[in-house]
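Welcome to a short tour of one protein model. Have a look at the fold first, and then we can go through a few spots together.

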Amino acid sequence: MGAGVSAGLLRAGRGKSAFVKPERVAVVGVGVLGASVGWNLSRRGVKVVFIDTGQPGEGVTNWSFSWANASNKTVRKSYFDLNVAGMEAHRELAGTIGPDSWWYPNGHLRWAADPAAERQLLKTAELLASWNYQVEVSTGAEVRRRLEPALTMPDDIPVVFYPDEAWVHGRHLVSRLVNKAIASGAEHRFGTTVRDISTGADGSVRSVALSDGSRLDVNIVVNAAGPDAADVAELVSRQLPMRREPGVVTRIGCAQVPVRRAMHAPHIEIRPDGNSSVVLHSREIDALIDTGEDPSELARLLHESARQVVPDLGSGRIAQTRVANRPIPADGFPSVGAVPSVPGYYEAVSHSGITLGPVIGRLLASEILSGERDEMLADFHPERFAP
């Protein structure tokens, strides 16, 4: 297991709920979290049914910046540690299933445009270094010479490089995991929605009813439905408070991709997306979503910002743009694990699913199989949202 993941297990408080031995597990939502949980269960002999309104990995997983990191997760040490474990889990997963087409561990660059933001950037880098996180600080000139010759930036500007970070092709990763799970016997119901979750007299999960009219006998439900997780939770009379934080992502088609790694430049985030496109995102542009701006105009603004940093992107074309709601529980942290009031019901709901997918998938699968919660998840249990 990754750093810290093998720490002692907690028999987390389960209220009056009893451990339910998994017989058949419905994984609702097949983004990176659902795919990771389902794969980890199926490879250990559990019968799994994947359920998704669309196709695997084509929801939020495909429309995020997809940056595997812990450098942006310093608000709480336990959350930072979980993300570090997530990065290690990615490296282990690449060794297990192969890295082809989904895993790009080329590091991450970050720099700022104004003195206050620059001071905060360097302060964060110092904190991360004190936590034994790999950090390098160089200049714009050195970065262009060693790493990214296509960038436009002042020669003397401080640039922070996090060499252990990566970007992930989420849709390809999900496809790989789902196909391996199916090869291990998993079933799937794609293009349909869960309409009802039936429980027995003791309150435990018994079955799920789907919008295609079918009903599946299951005794475990994993709610990995991303932005729709609150709706799934309501089916078991649970209130899962979620933030509303839409984000816009644009893909730019390029004859030749001019950047080699993910980066946070002033006003814009840029990363490669394979051999013929780049992905753009900006929280500043996200703030315009609720003003009624047309997505095509948001895409144009993203493209214009990116051209200021990477002039070669000026010849690219806007290929795809999507506004998607981020799956963020109300306090900003993951909701992962059993809900004591509904035996057999589990949640796997989190922002930063790309970073956390492999480690949450492994830890939650172990909890489902053993009835024990790993202490790395102690701060992120669903009970904290209980009324």
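How many aromatic pairs are there? The count comes to 9 aromatic pairs in this predicted model. Here are some of the details, grouped by topic.

**Aromatic rings**
- Tyr-79 and Phe-333 have ring centres 5.2 Å apart and planes at 85°, so this pair is edge-to-face.
- The pair links distant parts of the chain, 254 residues apart: Tyr-79 sits in helix H2, while Phe-333 belongs to the loop between strand E19 (317–325) and strand E20 (335–338).
- Both Tyr-79 and Phe-333 are buried.
- Another aromatic pair, Trp-102 with Trp-103, is tilted, at 5.7 Å centre to centre and 40° between the planes.
- Trp-102 counts as buried because its relative accessibility is 0%, and Trp-103 is buried with a relative accessible area of 11%.
- One aromatic cluster is formed by Phe-80, Trp-131, Tyr-133 and Tyr-162.

**Around Ser-71**
- You will find Ser-71 in the loop between strand E4 (67–68) and helix H2 (77–97).
- Its relative accessibility is 5%, so Ser-71 counts as buried.
- The side chain of Ser-71 makes a polar contact of 2.7 Å with the side chain of Glu-165.
- Leaving aside neighbours within four places in sequence, Ser-71 is in contact with residues including Tyr-133 and Tyr-162, both members of the aromatic cluster above.

How values were computed: Residues are numbered from 1 along each chain as its sequence is written. This is a predicted model: local features need pLDDT of at least 70, side-chain atom pairs count only at pLDDT 80 or more; totals for chains, interfaces and linings use all residues. Side-chain values use heavy atoms; hydrogens and water are left out. Helices (H or I, at least four residues) and strands (E, at least two) are DSSP runs, numbered from the N terminus. Buried means under 20% relative accessible area, exposed over 50%, partly exposed in between (1.4 Å probe, protein chains only). A polar contact is a pair of N or O atoms within 3.5 Å; within protein, one must be able to donate a hydrogen and the other to accept it, and residues adjacent in sequence count only if both atoms are side-chain atoms. Contact means heavy atoms within 4.5 Å. Rings of Phe, Tyr and Trp (its six-membered ring) pair if their centres lie within 6.5 Å; planes under 30 degrees apart count as stacked, over 60 as edge-to-face and the rest as tilted.
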